[in-house]
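Open the model in your viewer and keep the selection panel at hand.

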Amino acid sequence: MSQTIVPVNRDLQADRKQIAEQLRQQFTQQGTLVINIVSSPGAGKTTLLQATAKHWADRFRMAVLVGDLATDRDAERLRPFVPVEQLTTGGACHLEIPLVKQGLARLPDREWDFLFIENIGNLVCPASHDLGEHLRVVVLSTTEGDDKPGKYPKMFRTSHAMVISKCDLLPYVPFSVDAAVADARVIQPELVSVAVSSLNGDGVAAWCEFLEQTRSRLLQQTETPS
Amino acid sequence: MHEESLIRSLLNQVGELAVRHAALQVTCVEVEIGLLSGVEPLLLESAFERLRSETCCHNSTLQIQQIGLEVCCRDCGVTSMLERLVFQCPHCLSDSIRITKGDQIRLLNVTMQTDDRARTDCGTAATIPQGEDSCLKPSSP
C-alpha cells in the first residue's frame, strides 16, 4: 500500500461553468438576451418584471423562469403577462444551472427576445453561480439602505447593472441614490444604474431601453462574428 | 447551503478520481479559496464533515488554503495581490482591473492510499490531466 498525491488544480465549478457558457452561446445564436435578476428578498424583482412586461406589451417576446424556495406565488403574479415557469428549489438559497435547464425544457416556446431568470432573494449565494446569462442585474430597493453594495461586494462586482427600486418611497426613507451608486461603483466601476418605481412607472422606460440596447449589441455580435 | 452544494460537487469529483486511481481510501483533500470566492472556510469545513461519511472521503481531512485576490491592472499592466476587497490597483490606483485569481474555489490535490498491485496492473497513476486553467480567463463581467 502506498500514498499517492494526485495534482488536480482545477476550478471546482469548471463543469457547471462550461454548461453555462454553452447555454449562453446557444441563446446568443438565437438572439435571446438572458438576464439573471438577483436581489435580497422583497426588493421588487417580480414587480419590476410585471412592469417590464406591461411596458413592452406585444413589442417584444419575453419569458420568465422564476425561482422560489417553496411556493409558486411569483409565477402566479407573472402568468397573466408572460410565459412563466416556476423553479422550486426545495429550500436551497440560490438557483443552479441544472434547475434552469429543467425549467427551459418546460417552457412552451423558445423564440424569445428576452429571457429573465428571477433568482432566489439572497445577495450572497446567487453571486457564485453562472446561469448562462448575458446580464446579471442586481435590484436594490430604497428601503434596504444605500450602504448595501459595499456589504455584498461579490454580488455587485459580478453584476452588470443595478436597478434601484421603490423610488416612489424616496421622500420617506433615508436613502440616497447618489450614495448607493457611488458605493457600487467603487466595487464595479462599469455598473450601469437605473432608478425605477415599478408601481408608478418612473424609470421603467429607461430600464427597458437599456435592455433593448444591450440586446441590439448582442445581435450585432452574431451578425459579425469576431 | 451554498457550501453544501460545493462540497457535494467536491465529493463527486474526488470520488471519480479515487475510482480512476483504484484508491483504497482518500486521506486528504486540498482546496484553495479565494477572497472573492463567496465561500466561508468554517462553513465549508463543517459541510465536509457532515457529508463525507458515506463517501471515499470518510477518513479524509480537508485542507483549506486561503488566498487574496490577484488582479491585473488594465492601465499600468502590473499584477498585484489584494488582501482586502478594494477594487483598485495598488500600484497606480486605477480602478480598471481584471481579476486573474481569487474569485474561485479550486481543487488542488487529492492524497489517497492506493493498492500497489492494482496500481501496477492499471499503470495509469499520476497521469491525470491537468484541468484547464480557467482562472486565467477574464472573469465575467
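A polar contact is a pair of N or O atoms within 3.5 Å; within protein, one must be able to donate a hydrogen and the other to accept it, and residues adjacent in sequence count only if both atoms are side-chain atoms. Between chain A and chain B, 18 residue pairs are in polar contact, both at pLDDT 80 or more.

This is a predicted model: local features need pLDDT of at least 70, side-chain atom pairs count only at pLDDT 80 or more, and totals for chains, interfaces and linings use all residues. Residues are numbered from 1 along each chain as its sequence is written, chains are lettered from A and ligands numbered from 1 in the order in which they are written, and side-chain values use heavy atoms, with hydrogens and water left out.

**Stop 1: the interface**

Select the side of chain A that touches chain B. Strand S1 (2–11), helix H1 (14–29), helix H6 (153–157) and helix H7 (177–187) of chain A each give two or more residues to it. Helices (H or I, at least four residues) and strands (E, at least two) are DSSP runs, numbered from the N terminus. S1(A) gives the most, with ten residues. By class, this side has 14 nonpolar, 13 polar and seven charged residues. Ala, Val, Leu, Ile, Met, Phe, Trp, Tyr, Cys and Pro count as nonpolar, Asp, Glu, Lys and Arg as charged, and the others, Gly among them, as polar.

Now pick B:Arg74 and A:Glu190. Their side chains meet in a salt bridge (4.0 Å, N to O). The term means a side-chain nitrogen of Lys or Arg within 4 Å of a carboxyl oxygen of Asp or Glu. The count between chain A and chain B is one.

**Stop 2: a helix pair**

Select H2 (residues 45–56) and H8 (residues 204–223) of chain A. Their axes come within 10 Å and cross at roughly 80°. That makes H2(A) roughly perpendicular to H8(A), a label for angles of 65 to 115 degrees. Axes are lines fitted to C-alpha atoms, for helices over the stretch in contact, and angles run from 0 to 180 degrees between N-to-C directions.

**Stop 3: two loops**

Go to A:Ala57, in the loop between H2 and strand S3 (62–68) of chain A. A:Ala57 has a positive phi of about 45° although it is not a glycine. Finish at A:Lys166, in the loop between strand S7 (161–165) and H7 of chain A. A:Lys166, not a glycine either, has a positive phi of about 60°.

Key: Angles under 35 degrees count as roughly parallel, over 145 as roughly antiparallel, 65 to 115 as roughly perpendicular and the rest as oblique.
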